[in-house]
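Reader: I want a close look at one kind of contact, with its surroundings. Keep it brisk, and define your terms as you go.

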Amino acid sequence: MCFPVLAGLIILLEKKNLSEKKLAKRAGIVMILSGVFLLWNILGESKSVLLFSLGTNLPVYFYIDELGKLFAAVVTIVWIPVTFFAGEYMTKEQDQKHFFGFFLIVYGVLMGLCYAGNLVTFYLFYEMMTLTTVPLVLHTRTREAITAGIKYLLYSLSGAYMVLFGTYVLSRYTSSLNFTPGGTLNQAAVNEHNTLILVCACLMILGFGVKAGMFPMHGWLSTAHPAAPAPASAVLSGVIVKMGVLGAIRVVYEIIGAEFIRGTWVQTMWLTLSLVTVFMGSMLAYREKLLKKRLAYSTVSQISYILFGLALLEPEALTGSVLHVVFHACIKSCLFLCAGAIIYRTGKTRTDQLTGIGKEMPVTMVCYTIASLALIGIPPASGFISKWYLAEGALASGISVFSVLGPVILLISALLTAGYLLPISMKGFLPGKEFDYAHLIKREPKRTMVIPIGILSALALLLGIFCGPLVQYVEKIVEVVL
Amino acid sequence: MSQYWMVVAILLPIIGGILVKVIPFPNLKIMKIYLEYIMVLTSLLVFLLAWNRPDGTLEVIHFMQDLSISFRIDGLSMVFSVLIAALWPLAMLYSFEYMEHENHQRVFFMFYSITYGVTLGISYASDLLSMYFFYELLTLVTVPLILHSLTRQAIHATRKYLYYSLGGAAFALIGIVFLMVYGSQIDFVMGGVLDLAKVGEKKQVLLVVYLIACLGFGVKAAMFPMGSWLPDAGVAPTPVTALLHAVAVVKAGVFAIIRLTYYSFGCDFLRGTWVQAVVMALAMFSVVYGCTRAVMERHIKRRLAYSTISNLSYIIFSAMIMTPLGLVGALCHMVCHAVMKICSFLCAGAIMHQTGKTFIDDLNGYAKKMPIVFGCFTVSALGLMGVPGLAGFISKWNIAQAAVESGRVQALLGIGCLLISAFLTSIYMMSIVFRAYFPGKNFSYEELGEIHDPTWRMCVPLVLFALGVVCLGLGSAPLVAFFNNVANGLY
């Protein structure tokens, strides 16, 4: 994981201006090598490394467990295509050195986050992630981008500090801050302080919820994701928000322990907030005209699907959530890359400008449509599988209102998703009689952009069709964690 | 080591400073080299004294009965003196370049040097009266430093400083008098010197006295509402604000509060009383108040001054937890904040020195022209925010540990205040960083003119302090272990 960070730093610090092609090529090579490293890590046994201690009782400790491997794999699988896409996309932007430098550094930091073995390490890399992604968000240096960057920073920091409060308190009431399935709460110490621990759990969930865009802390997503350049938006929406999810999983299932929260007001609060977000995100997406902003609201909604599943504390729901992490990462990155391709080729950013785009960029739009279908949840595409598990989990949980309300809202949201994603495809391919066919230009973007989009959308589809091994893998993880 | 070396350590910078004015140096350069030697020598002596602690108390001047000026090196002295000794020579080096084009340099350096000796006197004082003596002396010798530029603002700031400080000291004196009556002695002993037999029924009276004395020392420690002299003192030259008002003078204030609480009145006497709640509440309020004012402030040095007010109250908050862990947290932040704040102030000074700008709004884009200065500033900003891997995270962690350990609800609310403050800190520090690095798309760098990083005499201290922030962040374990020993009365 140091390797990408170092590579990124080297790129940043190189004074002379490399030509754009070379820069992109280097970034690509780094990513492929990182992919190799990843495979090597994943296929091995679970190992752990104690790097050093920040102070007494503050070890920086890595532990590669199955959950970490899965998340790391997701990050890498998304990152590699996006890097190649960025190679071509960024030729239209300035200051590529900084972009690629930070892009690679962020990847390294995310690896650290996935492999973090205890809460302190996790927090360290979480803060690093926030700090290193800010330059990506404000890359274009416009007024709007800088404001978005500051908003992002402040929201993320407030979330991080909420998590920190929880960490401070938990370090006293747990036997260790290492992530252990089932939790590490020290029962004897906790007994009189139940409320305190519950408050901490609540704060930590809200804190991680900031990154994951849970209501009411979702405000930054819709400004930051559109303002960033398309490859950055893709990873922000596809992967970085998932780190908030990872944080929630780690803390709830592996430090506090699911049993502690089951049936308490914290769980109810979490369920409510996530359902509200699911609905609200979809509604906002439906009404939004700016394409990237629409996708950002969609992310808000989709991540709360995942959070809802986590909040149910049921094995099927957890399976659904983790599966959706994987699927949504592929889908959303693909969608953002498509939006990026459209902007790159036509400069159009609003959905009402996109009539006939299917005729102009057929391959891109086909991929877009496949990804959309996956997101809506139409079998056999991947989204269907994860939503099925989520619904099953909700019904099985037997929690009063939510076991029925959950699937209902999921369904409504799916309809809304269709409503905000499909019209673009439809108008794109079937622009209608008044369309000016004479002025059509075939402007499919270059291969280096189209292939990544293709790969991601293929994954969105194929992971659904051939979901068996993946589902089994996730179920294994869930068994251990829950 | 002999006890007399303590006196040497204190007198060396004082006499050395006086000699600056007396000896007719042929030119300023030679004077500066001479002065730097004095600084380094004194610091080395202090380090040696801490390493090879002399035992026992040395009585230097005897007034009457048991009133005297005496010195002793215990754990707290070691921490404070080593901190001062590490920072002073570097700050002096920095001030050489900074003050290059100023008038009255000799007088300035004389008092700058004398202040070093006086601060050492505070740290080595073995009883309340000796500490009080040097405390008042500190006020007096720092007055010429604030007054330096002789502008109207400077005179006003000095007057405010003087009145506040003398007033505070008077309040503190009340505490000393009562301790003399109700205590077995006025020496500093961990756990306090109150003679419970003599106290008897008068506990409430003593608690009120403690509050008065705490508020008195709290003037120097810039606790709300007595700390408003600190932002005004920002008119002083940056080496003064940096060293004195971020490190020496204000830390002397919290040092005095710690002495009063842990070594004179004693935690066991004070823990659980209404005074603890009141002072803790005041500290918590200062924490949030300081940060809020900082966000609103547009002048660079005033912003950092408000930040200091806030951070000092972290230390006071931690001390008010009144457990050994609380003391550890307080000491930790005392050290970490000193390094971070001196780094920030010196960066601010470098910016003002090179560009002449004093307001935040004028700082757009300068990071490209002064990479070293802004690099160090960013490190100190991230440190103050509490990013893991830097000093601030460690000290906040220790304070939080103490608060959680104590189990007091007020302490937990205090952690909340700390985190709110961290958030506000990120706003007011990062806004400077952002302006400097990301001025916006259509910014023309040529308008900034020929600005570059200052010479090595200013850059080296900056970089060293920034490195210090990182090292404290990564390798604090031995230091914290040492603090634990101090807090448990091992020295």
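How many salt bridges does the structure hold over all chains? Please go through some of them, and tell me what lies around them.

Author: Over all chains, the structure holds 16 salt bridges. A salt bridge here is a side-chain nitrogen of Lys or Arg within 4 Å of a carboxyl oxygen of Asp or Glu. This is a predicted model, in which local features need pLDDT of at least 70 and side-chain atom pairs count only at pLDDT 80 or more, while totals for chains, interfaces and linings use all residues. Residues are numbered from 1 along each chain as its sequence is written, chains are lettered from A and ligands numbered from 1 in the order in which they are written, and side-chain values use heavy atoms, with hydrogens and water left out.

Start inside one helix. Helices are DSSP runs (H or I, at least four residues; strands are E, at least two), numbered from the N terminus. A:Lys69 forms a salt bridge with A:Glu66, and their closest N and O atoms are 3.6 Å apart. The two sit three residues apart in helix α3 (residues 66-89) of chain A, so about one helical turn separates them. A:Lys69 is buried at a relative accessible area of 5%. A:Glu66 is partly exposed at 28%. Buried means under 20% relative accessible area, exposed over 50%, and partly exposed in between (1.4 Å probe, protein chains only).

Now chain B. B:Glu100 and B:Lys32 meet through their side chains in a salt bridge, at 3.6 Å from N to O. B:Glu100 lies in the loop between α3 (75-98) and α4 (105-124) of chain B, and B:Lys32 in helix α2 (residues 28-51) of chain B, so the pair ties together parts that are 68 residues apart in sequence. B:Glu100 is partly exposed at 33%. B:Lys32 is buried at 9%.

B:Glu100 has another neighbour to note. Leaving aside its neighbours within four places in sequence, B:Arg457 is in contact with B:Leu93, B:Tyr94, B:Glu97 and B:Glu100. Contact means heavy atoms within 4.5 Å. B:Arg457 belongs to helix α18 of chain B. Its relative accessible area is 22%, so B:Arg457 counts as partly exposed. B:Arg457 and B:Ser95 are 362 residues apart in sequence, yet 8.4 Å apart in space, C-alpha to C-alpha.

Next comes a linked set. B:Glu297 forms a salt bridge with B:Arg302, with the closest N and O atoms 3.4 Å apart. B:Glu297 is buried at 14%, and B:Arg302 is partly exposed at 24%. Salt bridges that share partners join B:Lys160, B:Asp232, B:Glu297 and B:Arg302 into one network.

Now cross between the chains. The rule finds one salt bridge across the interface of chain B and chain A. A:Arg172 pairs with B:Glu405 in a salt bridge, with 3.6 Å between the closest N and O atoms. The contact takes 35 residues from chain B and 35 residues from chain A. Together the chains bury about 2,900 Å², 77% of it on carbon and sulfur atoms. Buried area is the accessible area (1.4 Å probe) that two parts lose on being put together, summed over both.

B:Ser476 touches chain A. Leaving aside its neighbours within four places in sequence, B:Ser476 is in contact with A:Leu54, A:Gly55, B:Ile394 and B:Cys471. B:Ser476 lies in the loop between α18 (456-474) and α19 (477-487) of chain B. With a relative accessible area of 2%, B:Ser476 is buried.

In chain A, the axes of α9 (residues 219-227) and α10 (residues 230-256) come within 8 Å and cross at roughly 140 degrees. The contact is made by A:Trp220, A:Leu221 and A:His225 of α9(A), with A:Ser233, A:Leu236, A:Ser237 and A:Val241 of α10(A). By class, the contact has four nonpolar, three polar and no charged residues. Ala, Val, Leu, Ile, Met, Phe, Trp, Tyr, Cys and Pro count as nonpolar, Asp, Glu, Lys and Arg as charged, and the others, Gly among them, as polar. Axes are lines fitted to C-alpha atoms, for helices over the stretch in contact, and angles run from 0 to 180 degrees between N-to-C directions.

The peptide bond from A:Phe215 to A:Pro216 is cis, with omega near 5 degrees. A:Pro216 lies in the loop between α8 (194-211) and α9 of chain A.
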